[in-house]
Amino acid sequence: MNNIKRDTAPSRSQLKIAGHMTSSDKQILMDHAKSLKQQGGRGAAKELERMNKMYAPYGLSFGRIEGV
(Lines give C-alpha, C1' and ligand atoms only; values in the text may rest on other atoms or scores of the structure.)
Protein backbone atom coordinates (compact mmCIF):
# COMPACT_ATOMS: atom_id res chain seq x y z
CA MET A 1 0.00 0.00 0.00
CA ASN A 2 1.12 3.53 -0.71
CA ASN A 3 1.41 5.66 2.46
CA ILE A 4 1.29 9.06 0.77
CA LYS A 5 -0.26 11.81 2.88
CA ARG A 6 -3.02 13.66 1.11
CA ASP A 7 -3.90 17.25 1.71
CA THR A 8 -7.47 17.05 2.98
CA ALA A 9 -7.71 20.66 4.19
CA PRO A 10 -10.36 22.64 2.31
CA SER A 11 -9.06 25.16 -0.18
CA ARG A 12 -9.70 28.86 0.28
CA SER A 13 -12.36 28.82 -2.44
CA GLN A 14 -14.21 26.04 -0.64
CA LEU A 15 -14.30 28.13 2.53
CA LYS A 16 -16.10 31.03 0.84
CA ILE A 17 -19.54 29.58 1.41
CA ALA A 18 -21.12 32.79 2.69
CA GLY A 19 -21.93 33.72 -0.90
CA HIS A 20 -24.21 30.70 -0.96
CA MET A 21 -26.10 31.48 2.23
CA THR A 22 -29.83 31.16 2.26
CA SER A 23 -32.00 34.05 3.30
CA SER A 24 -32.62 32.32 6.64
CA ASP A 25 -28.84 32.12 7.23
CA LYS A 26 -28.55 35.85 6.56
CA GLN A 27 -31.48 36.49 8.91
CA ILE A 28 -29.74 34.56 11.69
CA LEU A 29 -26.67 36.79 11.28
CA MET A 30 -28.83 39.93 11.29
CA ASP A 31 -30.62 38.76 14.44
CA HIS A 32 -27.26 38.09 16.11
CA ALA A 33 -26.07 41.59 15.18
CA LYS A 34 -29.30 43.06 16.59
CA SER A 35 -28.80 41.26 19.90
CA LEU A 36 -25.17 42.45 20.04
CA LYS A 37 -26.34 46.04 19.57
CA GLN A 38 -28.83 45.63 22.41
CA GLN A 39 -26.12 44.22 24.68
CA GLY A 40 -23.74 47.05 23.94
CA GLY A 41 -20.31 46.96 25.49
CA ARG A 42 -16.83 46.61 24.13
CA GLY A 43 -17.04 42.88 23.43
CA ALA A 44 -20.20 43.30 21.38
CA ALA A 45 -18.62 46.16 19.43
CA LYS A 46 -15.58 44.02 18.62
CA GLU A 47 -17.79 41.15 17.48
CA LEU A 48 -19.75 43.47 15.18
CA GLU A 49 -16.49 44.80 13.75
CA ARG A 50 -15.28 41.25 13.15
CA MET A 51 -18.54 40.30 11.46
CA ASN A 52 -18.43 43.40 9.25
CA LYS A 53 -14.92 42.54 8.07
CA MET A 54 -15.73 38.88 7.52
CA TYR A 55 -18.95 39.35 5.55
CA ALA A 56 -18.16 42.61 3.68
CA PRO A 57 -16.99 40.74 0.55
CA TYR A 58 -20.44 39.17 0.39
CA GLY A 59 -22.35 42.44 0.60
CA LEU A 60 -23.42 42.16 4.24
CA SER A 61 -23.04 44.95 6.78
CA PHE A 62 -24.19 44.87 10.39
CA GLY A 63 -23.55 48.42 11.56
CA ARG A 64 -21.65 49.35 14.68
CA ILE A 65 -22.14 50.46 18.25
CA GLU A 66 -21.58 54.19 18.65
CA GLY A 67 -19.51 55.47 21.55
CA VAL A 68 -17.74 52.24 22.40
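Reader: Leaving aside neighbours within four places in sequence, which residues is Asn 52 in contact with?

Author: Ser 61, Phe 62 and Gly 63, with those close sequence neighbours left out. Contact means heavy atoms within 4.5 Å. Keep in mind that this is a predicted model: local features need pLDDT of at least 70, side-chain atom pairs count only at pLDDT 80 or more, and totals for chains, interfaces and linings use all residues. Residues are numbered from 1 along each chain as its sequence is written, and side-chain values use heavy atoms, with hydrogens and water left out.

Reader: What does the side chain of Asn 52 reach?

Author: The backbone nitrogen of Phe 62, at 2.7 Å.

Reader: Which helix holds Asn 52?

Author: α3, residues 41-55. Helices here are DSSP runs (H or I, at least four residues), numbered from the N terminus.

Reader: How far does α3 reach?

Author: Its 15 residues take it 21 Å from first C-alpha to last, close to the 21 Å expected at 1.5 Å a residue. The expected span is 1.5 Å times one less than the number of residues.

Reader: Which α3 residues are buried?

Author: Ala 44, Ala 45, Leu 48, Met 51, Asn 52 and Tyr 55. They span an arc of only 125 degrees around the axis, so they sit on the same side of α3. The arc is taken from the directions from the helix axis to the C-beta atoms. Buried is under 20% relative accessible area, exposed over 50%, partly exposed in between (1.4 Å probe, protein chains only).

Reader: And what is exposed on the other side of α3?

Author: Arg 42, Gly 43, Lys 46 and Lys 53.

Reader: What covers the buried residues?

Author: The cover includes α2 (23-39).

Reader: Switching to rings. How many aromatic pairs?

Author: One. Tyr 55 and Phe 62 have ring centres 6.0 Å apart and planes at 85 degrees, so they are edge-to-face. The rule pairs rings of Phe, Tyr and Trp (its six-membered ring) with centres within 6.5 Å; planes under 30 degrees apart are stacked, over 60 edge-to-face, the rest tilted.

Reader: Is Phe 62 buried or exposed?

Author: Buried, at 3% relative accessible area. Tyr 55 is buried too, at 15%.

Reader: Last topic. How many residues has the largest nonpolar core?

Author: Twelve, including Tyr 55, Phe 62 and Leu 29. α3 gives the largest share, five residues. Such a core is a set of buried Ala, Val, Leu, Ile, Met, Phe, Trp, Tyr and Cys residues joined through side-chain atoms within 4.5 Å.

Technical notes: Helices (H or I, at least four residues) and strands (E, at least two) are DSSP runs, numbered from the N terminus. A polar contact is a pair of N or O atoms within 3.5 Å; within protein, one must be able to donate a hydrogen and the other to accept it, and residues adjacent in sequence count only if both atoms are side-chain atoms.
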